[in-house]
Amino acid sequence: PQLGVAIVSSGEAIWVCQSLYSAYLGWLERATPHVDPATPPPVRARFLCAKAQTLMMTTAVQALDAADEAIEAARELGDPIELARSLNAKGFSLYSLKRGAEAVELAEESMRIIAALPTGRTCAQSKLLAADLRGASGDPDAAIPLMREAIDDLRAFGADGLANWLEQDLL
């Protein structure tokens with residue numbers, strides 16, 4: 001079971017982005033009973049984060065509980081990328097539930113974490129969360145530069161399609 005959990009958690013980005021989202025949700029649910037405190041910490045943190053990130057896209061209420069578990073596991077592991085991703089999952093879930101004010105601290109912590117990380121998907125996601133929250137709070141002048149940074153980050157590692165899609169929001 002542990003190998004299956006590791007495989008499911010490591011493929012999150014691939015499956016979610018390639019029209020296998022429903023199948024991936026099923027795989028996460030089948031793997032969930034096999035994830036417990038005895039699961040190796042890196043696998044457990046990655047799995048819980050993948051689950052929270054996936055649920056935030058469709059079932060924000062369920063994502064909140066998953067994100068809390070993921071945040072705890074990432075903190076215990078000391079993995080800054082998984083922690084930032086977990087914070088982002090909870091932040092975006094709160095934002096989609098119209099509870100953005102509760103997400104501000106999460107976004108600020110995520111932004112502090114990514115300051116020490118190389119450009120990548122997680123950094124772009126953190127910037128997008130912070131930008132969305134600033135825009136929703138009525139401060140588009142603070143949101144737009146962060147959105148542009150996130151778009152530049154996406155282009156830097158070849159995610160031009162997603163960058164183009166996000167750029168449409170700025171037009």
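**Salt bridges**

Mentor: A search of the whole structure turns up nine salt bridges, each being a side-chain nitrogen of Lys or Arg within 4 Å of a carboxyl oxygen of Asp or Glu. This is a predicted model, where local features need pLDDT of at least 70, side-chain atom pairs count only at pLDDT 80 or more, and totals for chains, interfaces and linings use all residues. Residues are numbered from 1 along each chain as its sequence is written, and side-chain values use heavy atoms, with hydrogens and water left out.

Trainee: How many residues apart in sequence are the parts that Asp68 and Lys90 tie together?
Mentor: The side chains of Asp68 and Lys90 form a salt bridge, 2.5 Å from N to O. Asp68 sits in helix α5 (residues 60–77) and Lys90 in helix α6 (residues 80–96), so the parts this pair ties together are apart in sequence by 22 residues. Helices here are DSSP runs (H or I, at least four residues), numbered from the N terminus.

Trainee: Is Lys90 buried or partly exposed?
Mentor: Buried means under 20% relative accessible area, exposed over 50%, and partly exposed in between (1.4 Å probe, protein chains only). Lys90 has 19% relative accessibility, so Lys90 counts as buried.

Trainee: Which helix holds Glu167?
Mentor: Glu167 meets Arg155 in a salt bridge of 2.7 Å, N to O. The pair links distant parts of the chain, 12 residues apart: Arg155 is in helix α9 (residues 140–156), and Glu167 is in helix α10 (residues 160–170).

Conventions
Helices (H or I, at least four residues) and strands (E, at least two) are DSSP runs, numbered from the N terminus.
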